[in-house]
Every structure is written in structure tokens, then in C-alpha cells.
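Me: I have a model open and want the terms behind its description spelled out. Please set each value against its definition.

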Amino acid sequence: MTDELIKFIQDQLSVWPMASANFRSMKAADVRDLTVGGIPVKAQLNPCRIGSTTAVVDKEAVAARPCFLCVPNRPKEQFHLKFDGRKGRRYNVQVNPFPIFPNHLVIARDVHVPQSVWHNFVDMMDFARCYPEFLVFYNGPHSGASAPDHMHYQAIPTGLLPLQNAIDRWLDEGQTPLATGQDAKLYHFPHFCRGVYALRSDTPKSLAKLFYRLVDCCPIIGDEPEPRLNLFTYCYKEEYRCFVVLRGAVRSHHYYSQGPDHLTMSPGAADMAGLFVCPLKADYDKLSGPLLEEILDEVCISPEDEKMVAWRMTRHQSKVDVPIAEGDEIVFEMISDGAGPQRVSLSEGRICYGGALYDELYFDSVTRSTVFAPASFIIYGAEPRRYAGSIRFTVEGGTIRASNHIGIENYLLSKMSEELSPDLPLEETKKEVIRRRTEIMAETEHQEYKGLTIEILTNVRQAVDLTWGQQNQ
Ligand SMILES: [Zn+2]
């Protein structure tokens with residue numbers, strides 16, 4: 001498969017003089033070895049990157065320019081190879097005309113949809129499995145993407161990124177994971193800069209699940225659609241591997257400075273993986289390990305947020321059983337199994353389900369674990385109600401009772417959204433949440449609630465997250 005890709009690149013460069021000249025000058029580029037955050041890295045003098053480095057990526061500027069990843073706007077010399085993602089997502093594999101690496105590719109969706117990490121990660125892993133000599137990387141819309149309006153990722157030969165090599169060596173020494181999920185493991189890599197996580201698994205599904213759990217635990221800035229991050233994935237022997245660098249800022253102060261500390265550098269995925277791209281000779285000559293550490297310190301995640309991510313990834317919640325419905329017949333639906341509405345009914349004092357009789361029935365939630373769990377089932381009645389967690393049916397007092405087996409923090413999220421006002425200040429909301437959590441922990445029977453049917457209040461969401469597990473003494 002990889003041969004086909006290499007031939008495509010050669011064919012493309014043979015008919016596109018501009019791209020071919022850029023590949024030649026990139027190969028001849030001056031490269032320096034430095035040490036940053038305890039790992040060996042490289043700085044590259046690469047004049048053809050000036051356009052990407054200085055690209056204005058605010059909403060207005062992006063909306064005003066023709067999208068260079070849309071086929072009608074491409075240079076006439078550019079063509080592509082097709083790659084099929086999952087669920088009908090199609091991609092055009094193209095040569096990057098402004099390369100940082102040999103055989104540098106851009107894999108762009110065939111339609112103009114925004115850059116997004118949601119759902120698309122499995123396609124990146126599929127590409128890496130299909131072309132195992134390539135590593136795939138992704139710049140978030142606020143983390144270095146120069147086309148935040150058009151979904152794309154990039155591919156380069158594996159083994160060229162200093163951070164990948166440092167992580168692979170480090171993992172092979174044997175490390176203790178920060179979190180695990182099914183057959184996937186997540187590690188906090190303690191070198192280079194803050195917010196570096198490595199993940200490994202035998203299956204793309206498990207890796208994606210743990211990756212999205214990490215994404216769910218990351219801070220989101222303002223109304224941005226996803227946490228700021230750079231993402232890298234590749235196949236290592238029989239494993240799927242991935243690493244993530246969490247970001248704070250798009251650029252460091254050096255970029256905006258008019259003074260002697262000015263640097264025309266805009267960290268994207270390559271820089272955040274230890275290949276620092278510098279388009280201007282004057283800047284390149286100034287680079288040193290400490291200066292690059294200063295840049296990274298400003299563009300990676302803050303120490304407080306890094307602590308928050310680790311806490312969210314590792315914290316637990318105790319489970320409670322909350323009554324949610326009762327009757328001689330209950331109609332319900334497990335959202336993820338695709339089987340549609342199901343029915344349990346009372347028969348001979350037992351629960352009849354699918355033609356058989358039971359004393360008790362339990363349907364486990366198969367949704368991924370997140371900061372707060374999404375809805376996993378629906379109970380149909382006068383109004384359908386949506387709940388997170390699992391559902392249990394029992395017979396008590398001659399009727400079927402449905403109860404929701406759910407984490408106490410998820411229960412609090414819904415229950416307090418029913419009870420409190422959206423205008424209650426955060427500090428007051430936190431006090432109320434802690435008071436209620438203390439009560440619930442002491443109770444043996446819990447109050448019925450409407451689950452995720454009602455709107456979750458922002459102040460409640462923040463308060464439950466920030467006070468997770470806290471009780472009054
Ligand atoms: Zn486009």
C-alpha cells in the first residue's frame with residue numbers, strides 16, 4: 001500500500017514545479033540538534049513555511065479567503081488519491097506543497113466541513129493501519145491548523161518526530177499508566193512540556209474510547225468546539241499508538257513582540273512534537289533549548305489545567321440506585337444497542353421480557369465513561385425520559401419497579417439542575433451541591449428524578465465537577 005502512496009507523490013511532484021522545488025529546498029534545509037525538556041529535538045530553517053506560520057486564522061479572515069483544501073480552489077497541478085474513512089467519510093490524499101518532512105501529505109475531507117477531532121480519530125488510525133510507514137497528525141482549529149474551516153489531517157513518514165521517538169523509547173522501558181480502559185492504556189509523559197499523554201492499544205476502538213475520555217477531561221476555552229490539542233497516531237509493531245499535546249495558547253508572546261525577542265514562529269503539530277520550524281534565518285540563529293522551552297511553556301496547557309485533567313481522568317464516584325418508574329408494564333430503550341423500544345410486563349408475579357420470566361433484570365450501560373455520562377437509555381411514559389447509567393427491573397409490592405444504577409455525581413448533576421436556579425452564583429451552587437451530596441450519601445432510599453430529560457444547568461455542572469466527592473464533615 002505504501003508503495004502506491006510513494007508513487008503518487010513522485011507522480012505529483014513530477015508535474016508540479018512549485019511543490020517539487022519546495023520539497024528539494026526542505027531536504028536541503030539547515031537542521032540543528034537541541035535539547036528541550038530533557039529530550040533531543042530539532043530546529044529546521046524552512047523558508048517555504050512563511051505563509052503557514054503567518055496565516056491569519058481568525059473567523060473573519062478564514063471566511064473571506066477561498067478555501068485552499070476545496071478541490072475547485074486548488075492549484076491546477078494538484079491532484080489526489082482517494083481514501084475512505086468510516087461512515088461514508090471520504091478523503092482526498094494530497095501532497096503538501098509546503099512540506100516540513102519528506103513525503104509530507106495532507107488528507108482532506110472531500111467536502112468543506114470544519115476541522116474537528118470528534119468522530120474523525122478512527123479515520124486517522126485507519127489511515128495509519130493502511131499505510132503503516134506513516135504517522136498521522138492533527139492540528140486542532142485553535143492549535144495550529146491553517147485551515148480550521150476544512151477538516152484535514154496530515155501524514156509523514158513514521159520516526160521523524162523527536163517526541164514520537166522519545167515516547168516510544170520511554171514506553172518500551174515499561175511505565176505505569178495513569179488510566180486504563182478495556183485493553184487500552186494512557187500514560188502521562190513527564191518530559192518535553194506539560195500536557196503530553198501517550199496512549200496504546202491493540203484495537204482502534206479501545207484506543208479511541210480512551211482518547212475521547214481524555215478529551216472529555218480537558219478544559220475547553222470559551223465557546224470553542226473542542227479542547228486545544230495536537231494529536232498524533234501511528235502503528236507500532238502490532239499496536240496502535242497515539243500521543244496528545246494539550247495546548248493553552250495558539251502562539252507565544254514572541255510572535256507578537258515588536259522587540260528583540262520577536263520570533264516568527266507559530267507552533268503547530270510538528271513543533272509540539274519536537275521539530276521546531278523556523279521560516280526566517282535571523283530567528284533560526286537565535287534558537288536555543290531554553291528559548292524553545294519558554295515558547296512551549298506559553299503555548300502548552302497551564303499547570304492548574306494539567307492537574308485538573310489528571311484528577312478528572314483518575315477520580316471515581318460511588319453508585320446509587322434511584323427509583324425512576326413503576327407499573328405492570330414499562331417500555332424502555334437502550335440507546336446504544338439499536339434494538340429500539342423494548343417492553344417488560346408483570347406475569348405470574350415475575351418480569352416477562354422477550355418471552356421469558358425473570359425475578360430481576362439488569363441492563364448495563366455501554367456508553368464510554370466521561371466527566372459526566374451521556375444518556376444511555378429512555379423510559380417511555382407520558383413523556384419519554386432520558387437517563388445515564390444502567391437500569392434494573394425488580395418486582396416489589398406486586399408491581400415492576402425500574403431503578404437507575406448511576407454514579408452519584410451524575411445523579412447530582414440532574415437532581416440539582418431540577419432543584420436550583422441557573423442564576424445561583426457558582427460559590428452558592430457549590431455549597432448546595434456539597435450539602436446535597438452529604439445527604440444522599442447518608443440516605444438509603446433516593447428520590448426519583450428526571451435524569452437527562454431536563455436541561456443541565458451550567459452552574460450546576462461546574463459546581464459538581466469542582467466539588468466532586470466532597471462532603472460536609
Ligand atoms: Zn474547503
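Me: What makes two domains here, and where do they lie?
Reply: The domain assignment gives domain 1 (2-312) and domain 2 (317-467). Such bounds come from an automatic or database domain assignment. The centres of domain 1 and domain 2, taken over C-alpha atoms, are separated by 40 Å. This is a predicted model: local features need pLDDT of at least 70, side-chain atom pairs count only at pLDDT 80 or more, and totals for chains, interfaces and linings use all residues. Residues are numbered from 1 along each chain as its sequence is written.

Me: Why is H13 called roughly antiparallel to H15?
Reply: The axes of helix H13 (residues 408-419) and helix H15 (residues 458-467) cross at roughly 150° and come within 9 Å. That angle makes H13 roughly antiparallel to H15. The cut-offs are under 35 degrees for roughly parallel, over 145 for roughly antiparallel, 65 to 115 for roughly perpendicular, and oblique for the rest. Axes are lines fitted to C-alpha atoms, for helices over the stretch in contact, and angles run from 0 to 180 degrees between N-to-C directions. Helices (H or I, at least four residues) and strands (E, at least two) are DSSP runs, numbered from the N terminus.

Me: Which residues of H13 and H15 meet?
Reply: Glu409, Leu412, Leu413, Met416 and Ser417 in H13 meet Val460, Arg461 and Val464 in H15. Contact requires C-beta atoms, placed from the backbone, within 7 Å. The residues of this contact divide into five nonpolar, one polar and two charged.

Me: How do you know that E2 and E13 pair?
Reply: Pairing needs at least two bridges found by DSSP. Strand E2 (residues 39-45) and E13 share four, in the parallel sense.

Me: What makes E1 and E13 edge strands?
Reply: The open sheet has three strands in the order E1-E2-E13, with mixed pairing. Strand E1 (31-36) and strand E13 (275-278) each pair on one side only. Neighbouring strands of this sheet are turned by 30° against each other on average, direction ignored. Helix H6 (residues 162-172) packs on the sheet, touching E2 and E13, and its direction makes about 165° with that of E2.

Me: How many bridges join E22 to E23?
Reply: Seven bridges join E22 to strand E23 (residues 399-407), and the two run antiparallel. Val395 has Ile400 in E23 as its bridge partner. In the hairpin of E22 and E23, two residues lie between the strands, and Gly397 takes a positive phi near 55°.

Definitions and conventions: Two residues are in contact if their C-beta atoms, placed from the backbone, lie within 7 Å. Ala, Val, Leu, Ile, Met, Phe, Trp, Tyr, Cys and Pro count as nonpolar, Asp, Glu, Lys and Arg as charged, and the others, Gly among them, as polar.
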